[in-house]
Amino acid sequence: MTDPTVVREVDVHAADQRRAAGATLIDVREQVEWDAGHIPDAVFIPLGQLGQEIGAAVPDKATEIILQCRSGARSGRGTALLQQLGYTNVVNMAGGILAWEANALPIEAPATLTPAQQARYSRHLLIPEVGTKGQAKLLDSKVLIVGAGGLGSPSALYLAAAGVGTLGIVDFDVVEASNLQRQVIHSTERLGHKKVDSARQTIEALNPDVKVVPYDEMLLADNVERLIAGYDVILDGTDTFETRYLLNDAAVAAGIPVVHASVFRFEGQLTTFMPYVGPCYRCLYPTPPPPELAPGCSVAGVLGVVPGIMGLLQANEVLKVLLGIGEPLVGRLLLFDALDGAFSEVRLQRDPACPTCSDAARAARERGDWVAPAAFGLDQPFVLGGVAGFGGPGR
């Protein structure tokens with residue numbers, strides 16, 4: 001049994017070998033030191049937070065752990081602390097990152113932000129799950145927002161404020177007075193202006209770091225592949241089933257995640273489609289509901305705040321996907337009722353016969369003989385698919 005009073009040490013070469021073999025390397029320095037450069041794949045937990053955060057980071061106390069700091073002193077104290085907490089396979093890396101660098105072992109280059117960016121995103125930089133590295137990643141990211149309406153407006157504003165470096169916006173419409181009850185990216189003085197131009201103007205005024213790429217065109221079968229090419233995530237703010245099917249099929253083929261939301265009067269729903277990891281839009285809706293069950297906002301109406309709430313949740317999902325943090329809503333459909341102020345969730349499952357994301361469809365796509373299904377089958381009855389317990393696959 002390990003003596004908790006004895007701090008065991010390994011040199012940097014042994015630490016590197018153990019790290020490559022799967023040991024967990026924990027960097028106990030401070031944020032500013034971490035940002036200046038760190039060992040690849042290290043876990044960042046400052047020494048002052050080690051006792052509180054180690055349980056979540058490494059729940060199994062038999063896990064092989066290597067602690068590291070600048071020279072080995074702080075990580076030595078951290079090693080003793082973990083041994084006192086019951087961790088049985090923990091060692092200190094002698095010499096710290098100074099010895100690591102002296103032996104020409106790999107260092108992950110620090111992410112850099114300008115002083116203005118450090119000030120603008122200072123609240124992000126304080127979060128360990130974001131930090132300088134995460135913020136730099138956001139600034140390098142590209143998100144396509146399809147629709148500059150009720151969902152796209154709040155999403156675009158908060159993604160821009162968060163520092164997502166490139167926002168593509170697809171919309172062919174102009175700003176109308178009836179839009180302003182919910183489409184907060186536009187304004188009264190821009191009535192009659194193109195929505196993409198109005199959105200660009202607002203975003204550029206909010207954050208000059210963000211590049212806006214406007215697409216003043218309707219998303220169609222002959223341009224969807226061009227529009228989505230090169231983007232990391234797609235935010236679906238569309239309002240027709242046909243457009244959603246087109247976007248879904250193209251995104252699955254391109255391997256791009258889609259964060260989808262829709263609203264109806266006082267209700268909203270939200271999910272994230274991750275190609276081949278969870279279900280796609282066709283798994284959820286193999287065929288569209290009849291018009292009387294899914295009227296547009298111009299027919300049924302919508303409480304203006306509902307697309308705002310759902311759009312912000314979409315932005316949250318996009319940030320989670322870009323940063324690789326949290327649990328995105330993959331295989332989960334989040335439902336919101338504004339009148340009750342309540343959220344509920346149902347599980348979604350992939351349709352093994354889905355014409356877009358099934359294993360057979362994927363194999364056909366890889367062979368080069370996949371044929372895109374029709375936007376939807378008008379002669380087929382509406383079925384809610386992919387919802388566990390609601391008649392979809394896996395019931």
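In which sense do strand E6 and E9 pair, and over how many bridges?

1. Some ground rules. This is a predicted model, where local features need pLDDT of at least 70, side-chain atom pairs count only at pLDDT 80 or more, and totals for chains, interfaces and linings use all residues. Residues are numbered from 1 along each chain as its sequence is written, and side-chain values use heavy atoms, with hydrogens and water left out.

2. To the opening question: E6 (residues 142-146) and E9 pair in the parallel sense, over four bridges. Strands (E, at least two residues) and helices (H or I, at least four) are DSSP runs numbered from the N terminus, and pairing requires at least two DSSP bridges between two strands. Leu144 sits opposite Ile234 of E9.

3. E9 also runs parallel to strand E10 (residues 258-264), joined by three bridges. Asp236 has His260 as its bridge partner in E10. Between E9 and E10 the chain passes through helix H12 (residues 241-254) in a right-handed β-α-β crossover (clockwise from the first strand over the helix to the second, with the strands pointing away from the viewer).

4. Look at the side chains of E9 (residues 233-236): Val233 and Leu235 point one way, Ile234 and Asp236 the other, and all are buried (under 20% relative accessible area, 1.4 Å probe, protein chains only). In a regular strand, side chains alternate between the two faces of the sheet.

5. On cysteines, there are zero disulfides (sulfur pairs within 2.5 Å). Cys280 is in none, with the sulfur of Cys354 nearest at 3.6 Å. Likewise, Cys283 is in no disulfide, and its nearest cysteine sulfur, in Cys357, is 3.4 Å away.

Terms used: Buried < 20%, exposed > 50% of the residue type's maximum accessible area, 1.4 Å probe, protein only.
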